[in-house]
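Dear colleague,

I am passing on the structure that you asked to take over, and my notes on it follow below. Please have the sequence and the model open while you read them.

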Amino acid sequence: MQPEALKYLFDIREAALKIRRFTDGKAEGDYLSDELLQSATERQFEIIGEAVNKLCKEFANVGSRFPTIGR
């Protein structure tokens, strides 16, 4: 696999791990009442989305492995 594709996959993994750390032990009410938690979590989802988008565009063979709703 090409180094740039691996970088995107690394970014996806790291962002997912951050989301897990940020939300571990939190209830929905905790999330809804904590603006900082919401912002940090949503930013990591943005990072995941950007990396998946780049993978699909630049490395179709890798991006095609991601399930897509409505495909």
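The face of H1 that is turned away from its buried side carries the exposed residues Pro3, Arg13, Arg20 and Arg21, where exposed means over 50% relative accessible area, buried under 20% and partly exposed in between, with a 1.4 Å probe and protein chains only. Helices here are DSSP runs of H or I with at least four residues, numbered from the N terminus.

Before going further, please note that this is a predicted model, in which local features need pLDDT of at least 70 and side-chain atom pairs count only at pLDDT 80 or more, while totals for chains, interfaces and linings use all residues. Residues are numbered from 1 along each chain as its sequence is written, and side-chain values use heavy atoms, with hydrogens and water left out.

To return to the helix, the buried residues of H1 are Ala5, Tyr8, Ile12, Ala15 and Ile19. Seen down the axis of H1, these buried residues fall within an arc of 90°, so they line one face of the helix; the arc is that of the directions from the helix axis to the C-beta atoms. The buried residues of H1 pack against H3, and just after H1, Gly25 takes a positive phi of about 80°.

Within helix H3, which covers residues 35-58, lies Thr41, and this residue counts as buried because its relative accessibility is 4%. Leaving aside neighbours within four places in sequence, Thr41 is in contact (heavy atoms within 4.5 Å) with Ile19, Phe22, Thr23 and Tyr31.

A search of the whole structure finds four salt bridges, a salt bridge being a side-chain nitrogen of Lys or Arg within 4 Å of a carboxyl oxygen of Asp or Glu. One of them joins the side chains of Asp11 and Lys7 at 2.8 Å, N to O; being four residues apart in helix H1 (residues 3-23), Asp11 and Lys7 are separated by about one helical turn. Asp11 is partly exposed at 23% relative accessibility, and Lys7 is also partly exposed, at 40%.

Another salt bridge links the side chains of Arg13 and Glu14 at 3.4 Å, N to O, with Arg13 exposed at 51% and Glu14 partly exposed at 25%. Arg43 and Glu50 meet through their side chains at 3.7 Å, N to O, and Arg43, Glu46 and Glu50 are linked in a network of salt bridges.

Conventions: Helices (H or I, at least four residues) and strands (E, at least two) are DSSP runs, numbered from the N terminus.
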